[in-house]
Amino acid sequence: MPDPKDFLDLGALLSSEERLLRDTVRRFVEDRVLPEVADWWEAGTFPVELSKEMGAMGLLGMHLEGYGCAGTSATSYGLACLELEAGDSGTRSFVSVQGSLAMFPIWKFGSEEQKQTWLPGMAQGDIIGCFGLTEPDSGSDPSAMRTSARQDGGDWVLNGTKMWITNGNVAQIAIVWARTPEGIRGFIVPTDTKGFTANLIHRKASLRASITSELVLEDVRIPADFVLPGVSGMRGPLSCLSEARFGILFGVMGAARACYEAALEYAKTRQQFGAPIAAFQLTQQKLVEMMVGVNRGTLTALHLGRMKDDGRLTPELVSFGKFDNVRQALDIARMSRSVLGANGITLEYPVIRHMTNLETVSTYEGTNEIHTLILGEAITGIAAFRAGSG
Ligand code: TGC
Ligand code: FAD
């Protein structure tokens with residue numbers, strides 16, 4: 001009989017090294033995240049001390065080569081994201097932002113000196129980074145950003161506001177994307193620079209075990225060599241998004257798996273009308289939909305992981321994975337919540353936490369609609385992002 005927890009035997013598609021990494025991260029999540037995450041979530045906080053623990057495990061910037069990074073395959077990075085998000089989307093977000101959005105731009109577009117200065121400490125988790133692209137008036141269309149950088153003597157001076165920035169209040173550096181006369185450029189901004197303020201965003205009902213901030217830059221003056229020299233234009237920030245979206249398309253299958261397993265366990269023990277609710281056909285249908293969804297989404301993720309390792313993954317394929325796996329995970333979380341009845345709404349079970357977290361995951365890193373339009377353009381050749389353009 002197939003294993004209900006790995007129906008398609010997808011574990012057999014992994015190398016022994018990948019299985020070891022998966023199991024190590026799974027144990028870390030069981031030991032360090034799951035026992036406390038409901039409290040963090042309720043309190044609306046993320047324990048920053050996890051940063052150094054995850055750094056010591058090699059999880060930060062893990063798929064980057066050199067500068068103290070672990071240099072694993074992309075598939076291994078994806079598997080780590082999957083296990084972290086089986087704990088909580090906030091824990092995976094921390095790793096995504098640090099590795100894919102803060103370290104990756106320095107690694108890819110930074111000078112040798114910038115790499116030497118920042119990456120080893122970031123890989124260790126001693127220096128935390130955040131990524132400032134979104135603004136109050138430009139979310140899905142970051143090319144409309146207003147944040148500006150001008151040269152003054154030997155310095156750059158930045159002004160603007162960034163919104164919804166993960167890790168903003170706990171970061172030592174922010175990668176800030178700003179408009180310059182030569183196009184959009186990326187800047188490494190130490191968060192203790194005069195004129196830089198991070199304001200915590202309160203009252204979130206989703207991704208609560210994660211720090212989210214507004215960044216305000218008022219005449220923030222940084223030296224000339226704090227600009228990332230290797231890129232100008234939207235290709236810079238969008239390349240970082242491709243890296244983070246890749247982690248998400250794996251990650252959400254961890255949240256989905258946790259929801260499916262919680263529902264399966266619950267349905268076998270909860271009795272109504274003199275029988276376990278798993279004995280009812282309508283419940284079995286939900287459990288089967290969940291199981292098939294987890295297997296299908298994980299298979300998609302593994303396929304895209306292998307393509308990335310072969311150098312064949314394009315941004316459109318990443319959008320396929322982000323689009324389909326996130327909506328699949330949300331459907332699974334909602335089905336699981338219904339199987340748990342009233343217990344489905346308490347933090348005693350992981351399901352409502354995952355379900356509300358996934359609302360954020362479906363919005364950030366390109367909304368479901370934006371990925372639909374990216375895929376639409378890929379198959380029709382017609383861009384339909386702007387009113388009247390499609
Ligand atoms: P467009 O004209 O299409 O392209 C401009 C240049 O960029 C290149 N490019 C990409 N390169 C790498 N990866 C990608 N995914 C790329 N997409 C485009 C493109 O080839 C071109 O290069 P070049 O050299 O010819 O100049 O750009 P556009 O401005 O029209 O953008 C189109 C659109 C709508 C798809 C893009 O703006 C978009 O993806 N919008 C969604 C915004 C978004 O996802 N924001 C995320 C913010 S960060 C975040 O949410 C972090 S959550 C973190 C967490 O907690 O996990
Ligand atoms: P909008 O762009 O205003 O979209 C609103 C609605 O309109 C959506 O349904 C959208 O799909 C739809 N829409 C927009 N344009 C179109 C179109 N052309 N066609 C059809 N529908 C359209 N950003 C960062 O830079 N760094 C971070 O670390 C970060 N972390 C985040 C953490 C959290 C918890 C959250 C919630 C967000 C975070 N973000 C971050 C911001 C995130 O990337 C944006 O919220 C996202 O890109 C969407 O932008 P918006 O919220 O302004 O929505």
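Arg150 has Val157 in β3 as its bridge partner. This is a predicted model: local features need pLDDT of at least 70, side-chain atom pairs count only at pLDDT 80 or more, and totals for chains, interfaces and linings use all residues. Residues are numbered from 1 along each chain as its sequence is written, chains are lettered from A and ligands numbered from 1 in written order, and side-chain values use heavy atoms, without hydrogens and water.

Back to the strands. β2 (residues 148–152) and β3 (residues 155–166) pair antiparallel over five bridges. Pairing takes at least two DSSP bridges; strands are DSSP E runs of at least two residues, helices H or I runs of at least four, numbered from the N terminus. The β2–β3 hairpin has two residues between its strands, and Gly153 there takes a positive phi near 60°. β3 also joins β7 (residues 212–223), antiparallel, through nine bridges. Trp156 has Ile222 in β7 as its bridge partner.

Now the ligand. Which residues come nearest to ligand 1? Of the 27 around it, they are Ser93, Ser140, Ser242, Arg245 and Gly366; being near means a heavy atom within 4 Å.

Next, polar contacts, pairs of N or O atoms within 3.5 Å. A polar side-chain atom of Ser93 sits 2.9 Å from a ligand 1 oxygen. For a polar side-chain atom of Tyr364, the distance to an oxygen of ligand 1 is 3.3 Å. From Arg235, a polar backbone atom lies 3.5 Å from a ligand 1 oxygen.

Last, the shell. α7 gives the largest share, six residues. Thanks, that's it.

Technical notes
A polar contact is a pair of N or O atoms within 3.5 Å; within protein, one must be able to donate a hydrogen and the other to accept it, and residues adjacent in sequence count only if both atoms are side-chain atoms.
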